[in-house]
Amino acid sequence: MAEYKKIKSALVSVFHKENLEPVIHALHDLGITLYSTGGTQTFIESLQVPVVPVENLTGYPSILGGRVKTLHPGVFGGILGRRDLADDVKTLEKYNIPEIDLVIVDLYPFEQTVESGASDQDIIEKIDIGGISLIRAAAKNFRDVLIVPSRDEYLALLEILKERSGETTLEERRRFASKAFSVSSHYDSAIFSWFGNDNHDMARISLNDGKVLRYGENPHQEAVFYHYKNSDTKVTLARSQVLQGKELSYNNLLDADAAWKSVSDAYHSVTHLDSREAVAVVKHLNPCGLAVAPTQMEALELAWAGDPVSAFGGIICFSGKVGREIAEWFDKRFVEIVIAPGFTDEALEVFGKKKNLRLLVTPIRSQTTKEKIIRSVSGGILIQDEDDGMDTEFRNVTAIEFDQNKMNLARFGVMACKHLKSNAIALVTENENGSFWLTGAGMGQPNRLDSLRQLTIPRFNLKDGIKIEDSVLISDAFFPFRDSIEAANEFGVKYIVEPGGSIRDQEVIDACNEYGIGMVFTGRRHFRH
């Protein structure tokens, strides 16, 4: 049998008042005494509903510009007093402190104030003190008190008031208390993040809006997808809009993120075209196709041609809005997800025939996001900076000058290779009209010689009409031995880009000189595990 408690009094102190009006009327209709202060009191009075000023409980007016209103035993005693403890009841009676059965709070909008670009002083004034204290006090005493910790719970409270005339169960009060501590801990995490931690000896990660997925990486694994604020950037994959299709799975989300990041970096890396479109095709976190071209259709066809076998069932991401022609191109091709900044009505009509196909809308991301990458190990987590930005140093290290006309292609190639799993080798090629595309990719091998011989070159050789001597080979990390240079020469490679940094760099440079290969060092490694 559920243990019901009747709400007889309520303290209301909120910032956002949307959807609060029906709650106030419902409380009044049930004869519940209302206490309030400041703007909330004024709001209640405007509804012609009686309300007792908190000052009547504290004996003090609001002071210090509103910084202190409710912080007083006359308020917190009524919230924290244990109804089943005789000493507590006697204390409340002795000091004439009324019991408070319901607390409704909505905190100052701290995060929104930070995002608005407000001054430090304005941000500091939005650090709620009284509200957070009310939430914690009421949640602690959930056996006797119901806490409504944010505007997100106004309607849930209204339902309780209407269904059971203000009676609550212990289970309900405990559930609301759990939400209350979630609100308070997230609020404190946001404040901590704003203050910063230059020593990096502490971190706070607050996860909200969790969505249970069908399963994890495999059907026997459970998984949940959480949204969380990772940086100041407002454009993230998690904020994308899903227009149609099946629910996104754990693997779908990882691949979609990889495709979105790949196409964004590819787009930003190419600046020589007056008009450009980028397209990425991703499978199991690796770009199997990536291209930047003057037109969207050409970029799509080149990206797909990068590895048409792997493209089946892949994730496709566009840098620009997708129209009917592109949608019709997929008529006989199976893909899991299409991502773009937008879709025309005509494109949506065509894609709508594929009910399971997911369509995601999100802009491409900026070159520098300052996001953090978070991964777990058994018993801990690792946090690192995102591998942001473009490589700017291309230092010629060989006797053969690296062709300056290949530099734009080299920049694109570094971004393509950066998104492949290590050990990664990429071959990129430029078409006559200035289009760049990923023509060979080797990834995920324990040594880069295998990536080169067994994956990159065979995939390149499947393509007609392109020459390897006109392409550029990129390595995500330094070559530890000259054997990879010997293999590259065997297949006709004439241009190589790598970060350098090996104790055998000179040995590798000597091999390039011996074979007439031009090579540049970038000084930046791009491991991806």
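Predicted model: local features only at pLDDT ≥ 70, side-chain atom pairs only at ≥ 80, totals over all residues.

**Stop 1: the largest cavity**

Let's begin with empty space. Rolling a probe the size of a water molecule over the atoms shows where empty space is left. Counting cavities of 30 Å³ or more gives 3 here. The largest cavity has a volume of about 50 Å³.

To find the largest cavity, select its lining: Val414, Cys417, Lys418, Ile474, Ser475, Asp476, Val497, Glu498, Pro499, Thr522, Arg524 and His526. Now color by element. Three of them, α16 (407-418), β21 (472-475) and β22 (495-498), each give two or more residues to this lining. Which element gives the most to the lining of the largest cavity? That's α16, with 3 residues.

**Stop 2**

Clear your selection and pick Cys288, Gly306, Asp307, Leu438, Thr439, Gly440, Ala441, Met443 and Arg459. These residues line the second largest cavity, which holds about 40 Å³ of space. Strand β20 (residues 436-442) supplies the largest share of this lining, 4 residues. Sorted by class, the lining of the second largest cavity has 4 nonpolar, 3 polar and 2 charged residues.

**Stop 3: a buried lysine without a salt bridge**

Select Lys421, in the loop between α16 and β19 (425-430). Is Lys421 buried or exposed? Lys421 is buried, yet it has no salt bridge. The nearest side chain of opposite charge belongs to Asp255, and that is 8.7 Å away. Now show His529 too: its backbone oxygen lies 3.0 Å from a polar atom of the Lys421 side chain.

While you're in this loop, slide along to Asn423, which also sits between α16 and β19. Look at the peptide bond from Ser422 to Asn423: this bond is cis, with omega near -5°.

**Stop 4: salt bridges**

How many salt bridges does the model have? The count comes to 24. Let's visit a few of them.

Start by selecting Lys261 and Glu386, whose side chains meet in a salt bridge with an N to O distance of 3.1 Å. Lys261 lies in helix α11 (residues 250-269) and Glu386 in the loop between β17 (380-385) and β18 (395-396), so this pair ties together parts that are 125 residues apart in sequence. Both partners, Lys261 and Glu386, are buried.

Move on to Glu371 and Arg365. Their side chains also form a salt bridge, at 3.9 Å from N to O. Glu371 counts as buried because its relative accessible area is 11%, and Arg365 is buried with a relative accessible area of 2%.

Asp257, Lys261, Arg365, Glu371 and Glu386 are linked in a network of salt bridges.

For another pair, jump to Glu514 and Arg482. The closest N and O atoms in this salt bridge are 2.9 Å apart. Glu514 is in helix α19 (residues 505-515), while Arg482 is in the loop between β21 and α18 (483-490), so the pair links distant parts of the chain, 32 residues apart. Arg482 is partly exposed, with a relative accessible area of 21%.

**Stop 5: two residues with positive phi**

Let's finish with the backbone. Select Gln48, in the loop between α2 (38-46) and β4 (52-53). What is the phi of Gln48 near? Phi is near 65° for Gln48, a positive value in a residue other than glycine.

Now go to Lys370, in the loop between β15 (358-361) and β16 (372-377). Phi of Lys370 is near 60°, a positive value in a residue that isn't glycine. Lys370 counts as exposed because its relative accessibility is 67%.

Conventions: Residues numbered from 1 in each chain as written. Heavy atoms only, no water. 1 Å grid on protein atoms, 1.4 Å probe; cavity = no way out; pocket = protein on both sides within 12 Å on 5 of 7 lines; lining within 4 Å. Points joined across faces, edges and corners; volume = space filled by probe spheres on them. Nonpolar A, V, L, I, M, F, W, Y, C, P; charged D, E, K, R; others polar. Buried < 20%, exposed > 50% of the residue type's maximum accessible area, 1.4 Å probe, protein only. Lys, Arg positive; Asp, Glu negative; His and termini not counted. Salt bridge = Lys/Arg side-chain N within 4 Å of Asp/Glu carboxyl O. Polar contact = N/O pair within 3.5 Å; in protein donor to acceptor, adjacent residues only side chain to side chain.
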